[in-house]
Amino acid sequence: MAIKPITINLPLEDRNYVSLLEIEKAVRDITKLDIRIRTRKREYVNARNLYYYLASELTIFSITQIARNIGMHHSSIIHHNKNTPYIIAQDPQLKMWFLCIYNNLIELIKAKKSDDGVTEYVEVKNIFEKVEYLLKEVKRLNSIITNNIEVDDYQEL
């Protein structure tokens, strides 16, 4: 029987709520390890794997940006992202770390999204995503304005 890799299916619009620093902090808080330390000890490598994988799956940042954030090379991230979903599925401690970090980050995303419809803006990858975001905000604000005008007209009658 083949090992099923761990998968994350986060909608594209939700990938703008969490930053690389928040992911790094979540990894550091759960694992109690600093992923910026250059060592080949297994626990540090596993912590970095979690960071790479979560950063590439939960954000819109490129692999190069993720690598530069912690002073690594992009090829390391490509290599680790191929293997990490399978390693997580096999290693019980890594799976526990992953689930704790992932749940913390998902709760952070939900908290940022639910702030009265106001979105906390982290960063976008290109101008097209900015335009799409702004168009959605215009529609949302227009619907709020229309609802308020209808209520006010009814009260005057």
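This is a predicted model: local features need pLDDT of at least 70, side-chain atom pairs count only at pLDDT 80 or more; totals for chains, interfaces and linings use all residues.
Let me begin with S56, which is found in helix α2, where helices (H or I, at least four residues) are DSSP runs numbered from the N terminus. Residues are numbered from 1 along each chain as its sequence is written, and side-chain values use heavy atoms, with hydrogens and water left out.

S56 has a relative accessible area of 19% and is therefore buried, given that buried means under 20%, exposed over 50% and partly exposed in between, with a 1.4 Å probe and protein chains only. A polar atom of the S56 side chain lies 3.0 Å from the backbone oxygen of Y53. If we leave aside neighbours within four places in sequence, S56 is in contact (heavy atoms within 4.5 Å) with R15, I66 and N81.

That brings us to the rings. A pair of aromatic rings is described by the distance of the centres and the angle of the planes. Here, rings of Phe, Tyr and Trp (its six-membered ring) pair if their centres lie within 6.5 Å, and planes under 30 degrees apart count as stacked, over 60 as edge-to-face and the rest as tilted. By this rule the model has three aromatic pairs. In one of them, the centres of Y53 and F98 are 6.3 Å apart with the planes at 50°, so this pair is tilted. Y53 sits in helix α2 (residues 42–58) and F98 in helix α5 (residues 92–113), so that the pair links parts of the chain 45 residues apart.

Why do we count Y53 as buried? Because the relative accessibility of Y53 is 5%, and F98 likewise counts as buried, at 4%. F98 also pairs with Y102, in a stacked arrangement with 5.7 Å from centre to centre and 15° between the planes. Those two residues both lie in helix α5, four residues apart, which is about one turn of the helix. Taken together, Y53, F98 and Y102 form one aromatic cluster.

Finally, let me turn to E137, which has its place in helix α6 (residues 127–156) and is buried, with a relative accessible area of 17%. The side chains of E137 and R140 are joined by a polar contact of 2.9 Å, a term that stands for a pair of N or O atoms within 3.5 Å, where within protein one must be able to donate a hydrogen and the other to accept it, and residues adjacent in sequence count only if both atoms are side-chain atoms.
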